[in-house]
Amino acid sequence: MPACVVNCAVYRRDGSRENIDLDRISEVLADDDSSFVWIGLYEPEDEVLEKLQEEFHLHDLAIEDASVAHQRPKVEAYGNSLFLVASTAQVVNERIAYGETHIFLGPRYLVTVRHGASLSYAAARLRIEREPELLALGPSYGMHSVLDFIVDNYLPIVEEFKATLNRLEHAIVSENYHRATVKRLYDLKRELTYMRVAVAPMQDVLSQLVRSNSPLIPEEVRFYLRDVHDHSLRTNETIDVLRDMLSTALGVNQALVTLSQGEVVRKLAGWAALLAAPTLIASWYGMNFDHMPELHGKYSYPLMIAGVAVVVGVLYRYLKKVRWI
């Protein structure tokens with residue numbers, strides 16, 4: 001079994017599972033017993049995709065898309081099969097890394113191809129294995145489990161963003177400017193913008209699946225897909241709210257910094273005004289004029305000191321009253 005093949009099993013209507021090799025796919029499909037094959041791949045080699053194309057008669061364009069990542073989330077129909085692209089997200093080293101999952105859905109097969117950052121779908125497989133009555137709905141319910149797993153994985157990431165924003169609230173309203181706070185706010189908004197680009201198209205994908213008239217998706221499965229669509233919608237709305245809050249937080253932080261700088265400038269101007277009064281009076285006596293009557297008075301010096309003190313005192317009380325110092 002190639003290393004890129006994470007899972008290759010046949011599921012029967014009674015809920016039983018049997019691991020098989022790729023070479024046994026034709027043998028399993030030859031038996032018309034309502035079973036289906038679920039194959040999970042991670043960054044597969046071209047030879048494996050060509051093998052699956054031969055076994056399931058997959059379209060060339062779908063195989064080409066599945067072999068290369070960087071596809072936008074979409075749903076495409078190729079004869080009696082569907083090809084889906086879904087965006088995945090995973091926290092790696094405190095940053096969000098993105099990947100893709102390509103899904104081939106046919107009457108009796110489900111192929112999931114993971115690229116980039118993506119958690120294993122073992123949990124999704126275990127979930128449906130515990131529900132044999134739903135497993136009997138066929139590969140479309142397996143597709144629902146994968147999509148539900150992808151969308152549910154968005155929620156912890158969004159909640160972590162929300163918790164980080166709450167922790168930054170104290171630093172945002174602080175009187176002191178912290179460059180690290182502004183940088184963190186910007187990083188959060190950038191990450192949320194990238195995540196919105198990944199999450200928003202998923203609503204269209206799920207909406208198309210819910211409205212699809214394809215016989216590959218029974219009506220019972222559409223009910224479950226509606227629930228996944230609601231989760232995706234709620235996640236996208238939460239992202240929009242957080243982006244708005246981050247924009248507001250950046251604006252509030254900038255306004256508070258500007259206000260704080262204005263307070264400093266105003267206090268400096270107040271103290272400069274206090275210094276200007278004695279400086280102006282002292283400059284009069286530095287002009288070296290011969291005829292300045294007050295220079296020869298016995299009490300001229302103490303009177304000048306007293307006058308300067310009175311002027312400075314009155315000016316100080318006024319500036320203190322108007323909160324300039």
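Which residues have the most contacts inside the largest nonpolar core? They are L84, M143, L147, M195 and L209, in a core of 50 residues. A nonpolar core here is a set of buried Ala, Val, Leu, Ile, Met, Phe, Trp, Tyr and Cys residues joined through side-chain atoms within 4.5 Å. Buried means under 20% relative accessible area, exposed over 50%, partly exposed in between (1.4 Å probe, protein chains only).

A word on the source. This is a predicted model: local features need pLDDT of at least 70, side-chain atom pairs count only at pLDDT 80 or more, and totals for chains, interfaces and linings use all residues. Residues are numbered from 1 along each chain as its sequence is written, and side-chain values use heavy atoms, without hydrogens and water.

Helices are DSSP runs (H or I, at least four residues), numbered from the N terminus. Take L147. Beyond four places in sequence, L147 touches L84, A86, I103, M202, L206, L209, L225 and V228. Contact means heavy atoms within 4.5 Å. Another core lies apart, with 26 residues, among them I20, L22, A62 and F104.

Next, R125. R125 sits in helix α4, residues 122-129. Is R125 buried or exposed? R125 is buried, yet has no salt bridge. That would take a side-chain nitrogen of Lys or Arg within 4 Å of a carboxyl oxygen of Asp or Glu. The nearest side chain of opposite charge, E129, is 5.5 Å away.

Last, W284. W284 lies in helix α8, residues 219-284. W284 counts as partly exposed because its relative accessibility is 42%. W284 and L41 are 91 Å apart in space, C-alpha to C-alpha.

Definitions and conventions
Helices (H or I, at least four residues) and strands (E, at least two) are DSSP runs, numbered from the N terminus. Lys and Arg count as positive and Asp and Glu as negative; His and the chain ends are not counted.
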